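This report concerns a single protein chain. Please consult the sequence and the structure shown below while reading.

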Amino acid sequence: MPKVEHAPHKNGDVFVDYENKVFEDVKAQPGEKALVTFHTVAFEGSIGFVNLLQATRLIRKGFDTSVLLYGPGVTLGVQRGFPRLGDEAFPGHMNANRQIVKILEEGGKVYACRFALQALYGHGEQSLIPGITPINPQDVLDLILLARRDNAFILDTWTV
């Protein structure tokens, strides 16, 4: 049987060259916009949280950034907690909520489809994280078309 002869890894070890950035650090030109859409269920995978981080990064790069929560994506924008709203039931439980608050605090706009909120997931507007703007379901397409018309960078987040 083969014998392993190297020391086990320890905290602080590095496995990859995380400082080697290959591409230029792109910043927004004046007036550039970005739209990040979410048609994904909260906690169904990492994509919802990862692209909330991307939305935050777009804001910090200078883009006028909007986030659209529609379909199951509205589940990212509802207040949560256990046993009380705001309580973190397990580490990471409130990551999406905290990231949305950060997006709003840093000047991003967050919109949630009223149809999905009520008809699909049984929530009212009072369930949304404060600062999220509820919109008419017909505004979902118009927001995307406005972003397209404005030559905005659009990052679509879908899971099936």
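The following text covers the overall architecture and then the salt bridges.

**Overall architecture**

The model is predicted. Its protein chain contains five strands and four helices, and these elements follow one another from the N terminus in the order β-α-β-α-β-α-β-α-β. The C-alpha trace spans about 65 × 45 × 30 Å along the principal axes. The radius of gyration of the chain is 19 Å, whereas a compact globule of 160 residues would have one near 15 Å.

Buried positions make up 36% of the 160 residues. Among contacts with a separation of 6 or more, 71% are made by residues 24 or more positions apart. The accessible surface of the chain amounts to about 10500 Å², and carbon and sulfur atoms contribute 55% of that area.

**Charges and salt bridges**

The chain carries 16 positive and 18 negative charges, whose mean positions lie 2 Å apart. Ten salt bridges are present in the structure. The table lists some of them.

| Positive residue | Negative residue | N to O distance |
| Lys33 | Asp150 | 3.1 Å |
| Lys109 | Asp64 | 2.4 Å |
| Arg98 | Glu88 | 3.0 Å |

Which parts of the chain does the pair of Lys33 and Asp150 link? The salt bridge between the side chains of Lys33 and Asp150 connects distant parts of the chain: Lys33 belongs to strand β1 (residues 33–39), while Asp150 sits in the loop between α4 (137–149) and β5 (153–158), 117 residues apart. Lys33 is partly exposed, its relative accessible area being 32%, and Asp150 is likewise partly exposed, at 33%.

A salt bridge also joins the side chains of Lys109 and Asp64. Because Lys109 is part of strand β3 (residues 109–113) and Asp64 of strand β2 (residues 64–69), this pair ties together parts that are 45 residues apart in sequence. Lys109 counts as partly exposed at 29% relative accessibility, as does Asp64 at 34%.

Arg98 and Glu88 form a further salt bridge. Arg98 is located in helix α2 (residues 95–105) and Glu88 in the loop between β2 and α2, so the parts tied together by this pair are ten residues apart in sequence. The relative accessibility of Arg98 is 43%, which places Arg98 in the partly exposed class; Glu88, at 38%, is also partly exposed.

Methods
Residues numbered from 1 in each chain as written. Predicted model: local features only at pLDDT ≥ 70, side-chain atom pairs only at ≥ 80, totals over all residues. Heavy atoms only, no water. Helix = DSSP H or I, 4+ residues; strand = E, 2+ residues; numbered from the N terminus. Rg over C-alpha atoms; globule rule 2.2 N^0.38 Å. Buried < 20%, exposed > 50% of the residue type's maximum accessible area, 1.4 Å probe, protein only. Contact = heavy atoms within 4.5 Å. Areas by Shrake-Rupley, 256 points an atom, 1.4 Å probe, with all protein chains shown as cover. Lys, Arg positive; Asp, Glu negative; His and termini not counted. Charge placed at Lys NZ, Arg CZ, Asp CG, Glu CD. Salt bridge = Lys/Arg side-chain N within 4 Å of Asp/Glu carboxyl O.
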